[in-house]
Amino acid sequence: MPWTQAEPAPVVLVSGPEDLLAERACDRIVVRARENDPDVEVTRVDAATYATGELTVLTSPSLFAEAKVVLVEGVERAGDALLLDAEAYLADPVPDVVVVLRHAGGQRGKRLLDAAKRAQVPTVGCDQVRSDADKSAFVTEELKRAGRRADARAVRALVDAVGSDLRELAAACAQLVADTTGLIGEEAVQRYHGGRVEATGFQVADAAVAGDPGRAVALLRHALATGLDPVPIVAAVAARLRTLAKVGAVRGRGAAAARELGMAPWQVDRATQDLRRWTPEGLAVAISAVAQADAEVKGEGRDPRFAVERAVLRVAAAVDR
């Protein structure tokens, strides 16, 4: 379930590497528990320093029969003592106690996770938000929860500006909600966050492959101005074009052929969508332009910045060629 549906239960597993979502899930469980009992006792336990029997002590009924919430943080760093105690607790949880197990990912504690699954423990998924599409969905939902909306261009501008960290993205949404009224537009985002555009090589590549030369060059110049070297930018554009070429070569041969490429399904889907704007001739022109730029930024040219900008423009111009 998403963090927005997290509820108290005898044992709740909060699983995944996205800390902001995990914190929100834990906070929501505590709030819900306090709605049922304002005097609920909340205890936090660091799994890395856990001592054998500590869970038993913390969940034992108190003298005044108070409800309890025990938040066990960092289960992925736990020693055998916690893992064994928690697995035993799953079989016989204590009434009026909520135990939250926070696991940020990795193989450590997998046996406990499997036991929780067998016991049908409610699980809150906190998967890392990586793609721009998922970040845009997060922004839209964040604003919706605050009773606000933003147009599509504003959402994209905000993701471009502060999209690398979900916590910063949430803070940016909160600022816009507090400092603006009505529908949030791109102008408002630019006013508050326009100077923070994180122009990575992959964003430059995305804009160029989409056939948007203005955006590609703007991102490129900002990236160079903030210290990004031309070499990884060219590498990012080349990687996107190679993906297009590989997927284009097996297009029409079925899903099995696409799986043989060794790419994630979302990469294949994205490349398939991009290829609707490309012809084989245009792709050849773009690959040639990037190959020339690659040589120039690695020593064969006198101006690496000019070389990469020229390549980006040629790639964008090759779309639909």
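**Sheet and helix packing in the predicted model**

Strand 1 and strand 5 (residues 123-125) are paired in the parallel sense over 3 bridges. Within this pairing, Leu13 has Thr123 of strand 5 as its bridge partner. The model described here is predicted. Strand 1 also pairs with strand 4 (residues 97-103), again in the parallel sense, and here the pairing extends over 5 bridges. Burial was examined for strand 1, with residues counted as buried at under 20% relative accessible area. Of the 5 residues of strand 1 (residues 11-15), 4 are buried, so the strand is largely enclosed by the rest of the structure.

These pairings belong to an open sheet of 5 strands, arranged in the order 2-3-4-1-5 with parallel pairing. Strand 2 (41-46) and strand 5 are the edge strands, each of them pairing on one side only. From one strand to the next, the twist averages 15°. Strand 2 is joined to strand 3 (residues 68-73) by 6 bridges, and the two strands run parallel. In this pair, Glu41 lies opposite Lys68 of strand 3. Helix 1 (residues 19-36) packs on the sheet and touches strand 1, strand 2, strand 3, strand 4 and strand 5. The direction of helix 1 makes about 180° with that of strand 4. In general, side chains in a regular strand alternate between the two faces of the sheet.

Packing between helices was examined for helix 9 and helix 11. A pair of packed helices is described by the angle between the axes and the distance between them. The axes of helix 9 (residues 201-209) and helix 11 (residues 230-250) come within 8 Å and cross at roughly 50°. An angle between 35 and 65 degrees counts as oblique, and helix 9 and helix 11 are therefore oblique to each other. Their crossing is right-handed. Helix 9 contributes Gly201, Phe202, Val204, Ala205, Asp206 and Val209 to the contact, while helix 11 contributes Ile233, Ala236, Val237, Arg240, Leu241 and Leu244. The residues of this contact between helix 9 and helix 11 comprise 9 nonpolar, 1 polar and 2 charged.

One further residue was considered individually. His222 is located in helix 10 (residues 213-225). With a relative accessibility of 23%, His222 counts as partly exposed. His222 and Thr200 are separated by 22 residues in sequence, and their C-alpha atoms are 9.1 Å apart in space.

Definitions and conventions: Residues are numbered from 1 along each chain as its sequence is written. This is a predicted model: local features need pLDDT of at least 70, side-chain atom pairs count only at pLDDT 80 or more; totals for chains, interfaces and linings use all residues. Side-chain values use heavy atoms; hydrogens and water are left out. Buried means under 20% relative accessible area, exposed over 50%, partly exposed in between (1.4 Å probe, protein chains only). Two strands pair if DSSP finds at least two bridges between them. Axes are lines fitted to C-alpha atoms, for helices over the stretch in contact, and angles run from 0 to 180 degrees between N-to-C directions. Angles under 35 degrees count as roughly parallel, over 145 as roughly antiparallel, 65 to 115 as roughly perpendicular and the rest as oblique. A crossing is left-handed if the near helix is turned anticlockwise from the far one by less than a right angle, and right-handed if clockwise. Contact means heavy atoms within 4.5 Å. Ala, Val, Leu, Ile, Met, Phe, Trp, Tyr, Cys and Pro count as nonpolar, Asp, Glu, Lys and Arg as charged, and the others, Gly among them, as polar.
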